[in-house]
Amino acid sequence: MAMATRIAVLPLLTPEGARRLEGQGAHLSYAFSKAELSSVAAGIREAGFSVVLLPAETLPAEAFNPARRQWQSTPIFHFARKRLEALGELQTRLLVLTDADIYEPGLSFTGGMAELGGKLALVSLARLQSGDRAKLVFRAKKEGLHELGHTLGLEHCRDRDCVMFLSRSIADSDIKGSAFCTKCRAVLGRAVK
Ligand SMILES: [Zn+2]
Ligand SMILES: [Zn+2]
């Protein structure tokens, strides 16, 4: 019998976010604490995946665009792919969690992205914050599962109770469910246990 898909969670933080994780520097409302990172990883595990939380690293400096004060996705995905290849496990997906505000060329910002049917997914907390820490962590779990669903071939789902429902805002993210619906789960098959 096939094993549940293995997910490596890689925190890739801004220099400020990395200091916050170490308990130094000014408080950033959207940066993670260690407990929050563990909680997001646990949420992914509860969905039926096999999860490993990798040590946090600082974002590759070349991804920063000083003119926009944002971070570009392409160099981050290059960096993440190297980390994934270093793990040497062909079936593993890698989920990047970041506090950075991310953009793709041609877009103002992106809260999450994934390679459809690929290996890499990313969730940014920068636009998910609203001052409520527990909600922020819950949103990160949902959006993480959503992007991982894309890597496993799932497209957007019309069921509002399904985590694959498309969030266009924080309100959407809060309304939608935190698990895969029966139909999406059937598509995932043995990827989840
Ligand atoms: Zn999506
Ligand atoms: Zn669904």
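Trainee: Which residue in β7 is the bridge partner of Trp71?

Mentor: In this model, which is predicted, Trp71 has Ile102 as its bridge partner in β7.

Trainee: What is the order of the three strands in the open sheet?

Mentor: The order is β4-β5-β7, with mixed pairing.

Trainee: What makes β4 and β7 the edge strands?

Mentor: Each of them, β4 at residues 64-65 and β7 at residues 102-103, pairs on one side only.

Trainee: How many bridges join β1 to strand β6?

Mentor: Five bridges join β1 to β6, at residues 93-98, and the two strands run parallel; in β6, Val96 stands opposite Leu10.

Trainee: What makes β1 and strand β2 a pair, and in which sense do they run?

Mentor: Four bridges link β1 to β2, at residues 50-53, in the parallel sense, and since at least two are needed, the two strands count as paired; Ala8 is the residue standing opposite Val52 in β2.

Trainee: How do you know that β1 and strand β3 pair?

Mentor: There are two bridges between β1 and β3, which is residues 57-58, again in the parallel sense, so the number needed is reached; the bridge partner of Leu13 in β3 is Thr58.

Trainee: How many helices and strands does the chain have?

Mentor: The chain comes to six helices and nine strands.

Trainee: Why is the chain called as compact as a globular protein of its length?

Mentor: Its radius of gyration is 16 Å, and the globule rule gives 16 Å for 193 residues, so the chain is as compact as a globular protein of that length. Along its principal axes, the C-alpha trace spans about 45 × 40 × 35 Å.

Trainee: What share of the 193 residues is buried?

Mentor: Buried residues make up 41% of them.

Definitions and conventions
Residues numbered from 1 in each chain as written. Chains lettered and ligands numbered in written order. Predicted model: local features only at pLDDT ≥ 70, side-chain atom pairs only at ≥ 80, totals over all residues. Rg over C-alpha atoms; globule rule 2.2 N^0.38 Å. Buried ≥ 20, exposed ≤ 12 C-beta atoms within 10 Å, placed from the backbone.
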